[in-house]
Amino acid sequence: MVYVRVTGRAIVNVHSANAEGSVGNYMGLTKMFILRRREKGYEITEDIVISGNMIKHWHAVRVSELLKSQGYSALCENCKRYIMYRSNLDYSDEYDFIKACAIEDLHGFLQPQRQVRRESIVKFAFMLPAEEMRAEYAAITHNRVFTDKTGAIPKGEQVMMVFKREYASGLYGFLSSMDLAYVGRPLADPDNPEKVLPLDERKLRAKCAVLALADILTGRFGAAASRAIPIIKTVELVCAVSKEPLPNLIHGFYCDYLEESARILKAAVDSSLIKNLKVFVYGEKAGEIFSKTLAQGLVESEGTVIKVLARAAEVVEQWLR
């Protein structure tokens with residue numbers, strides 16, 4: 001049994017990660033109303049958000065790449081081509097789906113004809129601009145120009161396409177939850193010993209699910225990436241791994257998320273809800289808060305985001321049974 005909870009914050013500059021379709025030649029970003037705590041109550045404002053669905057898609061793509069790089073072939077044809085859509089496999093049992101495709105195991109599926117489904121065991125929240133600081137955005141004008149074989153712009157034809165697209169910058173919080181205890185096990189029949197994948201396969205899938213977060217936290221996500229890869233620097237990261245089910249951490253949106261997350265884990269340990277816990281953190285403030293709140297030996301501060309995820313993946317691989 002192994003469970004992973006992740007929270008943190010990242011500076012994301014000049015991104016166009018989520019768009020909502022165009023009106024004429026104008027492409028707007030996804031916006032949502034967000035409630036923020038203020039000194040004298042609450043304030044609700046509209047802000048630029050990045051959907052969990054967007055993050056989930058790119059995570060699934062990276063998991064597929066990692067598995068293929070290991071010579072692992074249990075991926076359906078759609079997932080091999082990074083098309084994360086409804087399952088096209090024709091089975092009537094959840095276990096047959098997860099046996100055939102690691103992405104349908106981790107990220108869930110719906111087979112509408114057979115009415116078979118699996119809830120995702122890898123979940124992502126929306127990325128939200130931090131509670132104490134709104135994101136800012138503006139539209140940039142782009143154009144594309146057509147020339148003939150002489151290099152000249154033909155007269156009397158529509159040779160220039162002008163369009164505007166919004167881009168945003170802000171300090172974003174994120175949150176993820178992975179119930180990796182159920183990798184290779186049907187959620188509809190999790191305790192059936194005849195319906196469980198070999199342990200080495202389950203460990204590989206689980207390890208890749210954690211390591212794939214590295215791509216997300218270094219900016220591999222979002223629309224318009226061909227000309228607007230998010231300019232990202234993850235400034236704080238917390239990754240908690242437990243053998244027992246544990247609550248979600250507090251979303252990085254909240255200004256006190258580090259303190260609250262540390263207190264949640266301490267309460268769970270003190271009450272014996274969690275008996276086996278390792279917490280890997282990046283960022284000076286995160287290291288100070290978690291080291292001060294949790295017992296010695298439970299927390300490891302790492303110098304890079306990649307090291308946090310690598311160490312967490314090692315523990316996941318050791319603890320998964």
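**Ground rules.** I am reading a predicted model, where local features need pLDDT of at least 70 and side-chain atom pairs count only at pLDDT 80 or more, while totals for chains, interfaces and linings use all residues. Residues are numbered from 1 along each chain as its sequence is written, and side-chain values use heavy atoms, with hydrogens and water left out.

**The cavity.** Rolling a probe the size of a water molecule over the atoms shows where empty space is left. On a 1 Å grid over the protein atoms alone, a cavity is a set of points where a 1.4 Å probe fits but cannot get out, a pocket is an open set with protein on both sides within 12 Å along at least five of seven lines, and lining residues have an atom within 4 Å of a point. Points are joined across faces, edges and corners, and a volume is the space filled by probe spheres set on them. I found 1 cavity of 30 Å³ or more. It has 14 lining residues, and Ile 55, Phe 124, Phe 174, Ile 216 and Leu 217 are the closest to its centre. Strand 11 (160-178) gives the largest share of this lining, 3 residues. I sorted the lining by class (Ala, Val, Leu, Ile, Met, Phe, Trp, Tyr, Cys and Pro nonpolar; Asp, Glu, Lys and Arg charged; the others, Gly among them, polar). The cavity lining came out as 13 nonpolar, 1 polar and no charged residues.

Next I turned to the largest pocket, which holds about 360 Å³ of space. Of its 19 lining residues, Met 84, Tyr 85, Arg 86, His 107 and Gly 108 are the closest to the centre. Helix 1 gives the most to this lining, 4 residues. By class I noted 9 nonpolar, 7 polar and 3 charged residues in the pocket lining.

**The cysteines.** I then looked for disulfides, pairs of cysteine sulfur atoms within 2.5 Å, and the count was 0. Cys 239 is in no disulfide either, as the nearest cysteine sulfur, that of Cys 208, is 15 Å away. I also checked burial (buried is under 20% relative accessible area, exposed over 50%, partly exposed in between, with a 1.4 Å probe and protein chains only). Cys 101 is buried at 0%, and Cys 239 is buried at 0% too.

Key. Helices (H or I, at least four residues) and strands (E, at least two) are DSSP runs, numbered from the N terminus.
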